[in-house]
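Me: I have a structure open and want to get my bearings. Can you walk me through it?

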Amino acid sequence: MESSPSASPDWASLPKAAVLLISQKVKSITDYVRFRAVCSPWRAASFPKPTHLPPQLPWLMMPWCARNTSDDGVRLFYDLWESKLRKLHLPETIGMVCCATGCGWLLLVSTKPEKVFLLNPITRARINLPFFATPVKYVEEHSDDSRFMHNWSDLYFTFTRLTFSANPTDPKCLITAFFKEIQEMVSCHPTDTCWKWLDIRMDPPKKFEDATYYNGLFYVLYEEMLLVYDSNKLENKVLYLWGSNIPAGKKFLVEGKSGLYVVLLDDFHKEVMDEVDEDTEECFKQRIDLYHFEEQQLKFKKVTDKSNTMLFYGTDNRPYLAVSSDDWDSLDGGSVYMSCRFKYDRGLDFLFGIHKAKLDDCKFNSICKVDDIGKGPPKCCPSATTLWFQPSFC
């Protein structure tokens, strides 16, 4: 007697509690999107904006030409987790320049017409911000002066960092942009009609390195000191002086899982280059050290065990981003990933790719090129800056 074939399980009829429990085991944002797309019951049983996802591995955003008249709004992102080039249709970006990224948001600017807004490429949420040519009020004690910002066409290339004091959808969120070259900082709330200006130049002059928001405070890093600002009253600043234990070199602030860090690039080694000859793919070496900010002792302590850290670095001196390798066990911890450009077909065109190095020896090698996973070079703008974008539902 033949046995009847076993029936296929009806996955759509799983109990809601079981679906929710399974969804909370997913850690990749793309896998979570796929999970919710399986069927309507799974979508209804899982959260549209989950809070359990760890800080995501960043995608490398390919630059585009804002003046391209045939632009279809399709943007390219390289997903390091799946080694895949993702295409997102973002018509909001047509005619816009992306100057910075932060917490899953892109800062987009256009001068004709004059527009500035934040865009989340995953949720397509948009937050309009004041244009940079509106009057900007000084944030200084006993000062009622206001002025216009610099010409925006000169300004957006000098962006160093974009930070948020909370989710930018919160009207109380303080959005802050730092400009390294002109040594200044501007901030606004999502509902403001103009930016507030804070002059962060020092007297006597000090070399400005980087700035970021962390744990309720804004940190501004100079060559030999750290300024800490209250996020509610930026004019109230506390001066933290560090010791001489950090050598000279390029420095970047990084918000890690267990605190605030400074990344030091050793000036005595070959400078990091963002352009590589495709024929030779010549490797280079540069020492990278990590220092943890000890808030109680007001000093930085050199980190000796970097095995749990992954660092990401963009072209044109764009800041680092740190992710814990505990959350992404298939990738090597104690590593740094840097975006780069390869000359294409011995011409003037470029391909974009990623270099990787272990933090212990920092000998960089190419691990991928964008055209390795596509048919021919992507349509992107070689003169623009590649940016790491950390996808988020927030």
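Predicted model: local features only at pLDDT ≥ 70, side-chain atom pairs only at ≥ 80, totals over all residues.

Me: How many helices and strands does the protein have?

Reply: Four helices and 28 strands. Both are DSSP runs numbered from the N terminus: helices are H or I with at least four residues, strands are E with at least two.

Me: Over how many bridges do β2 and β3 pair?

Reply: Six, in the antiparallel sense; β2 covers residues 74-79. Two strands count as paired if DSSP finds at least two bridges between them.

Me: What is the strand order in that open sheet?

Reply: β3-β2-β1-β28, four strands with antiparallel pairing. β3 (84-89) and β28 (387-389) each have a single partner strand, so one side of each is left without a neighbour in the sheet.

Me: Which helix lies across β1, β2 and β3?

Reply: Helix α2, residues 29-36. Helix α2 runs at about 60 degrees to β3. Axes are lines fitted to C-alpha atoms, for helices over the stretch in contact (heavy atoms within 4.5 Å). Angles run from 0 to 180 degrees between N-to-C directions.

Me: Which residues of α2 are buried?

Reply: I29, T30, Y32, F35 and R36. Buried means under 20% relative accessible area, exposed over 50%, partly exposed in between (1.4 Å probe, protein chains only). Their cover includes α1 (16-23), α3 (40-45), β1, β2 and β3.

Me: New topic. What volume does the largest cavity have?

Reply: About 60 Å³. A cavity is a set of points on a 1 Å grid over the protein atoms alone, where a 1.4 Å probe fits but cannot get out. Points are joined across faces, edges and corners, and the volume is the space filled by probe spheres set on them.

Me: Which residues line the largest cavity?

Reply: Among them are I29 and T30 from α2, plus D79, W328 and P391. Lining residues have an atom within 4 Å of a point.

Me: Where is C394?

Reply: In the segment after β28. C394 is partly exposed, with a relative accessible area of 44%. Leaving aside neighbours within four places in sequence, C394 is in contact with W105, N120 and N167.

Notes. Residues numbered from 1 in each chain as written. Heavy atoms only, no water. 1 Å grid on protein atoms, 1.4 Å probe; cavity = no way out; pocket = protein on both sides within 12 Å on 5 of 7 lines; lining within 4 Å.
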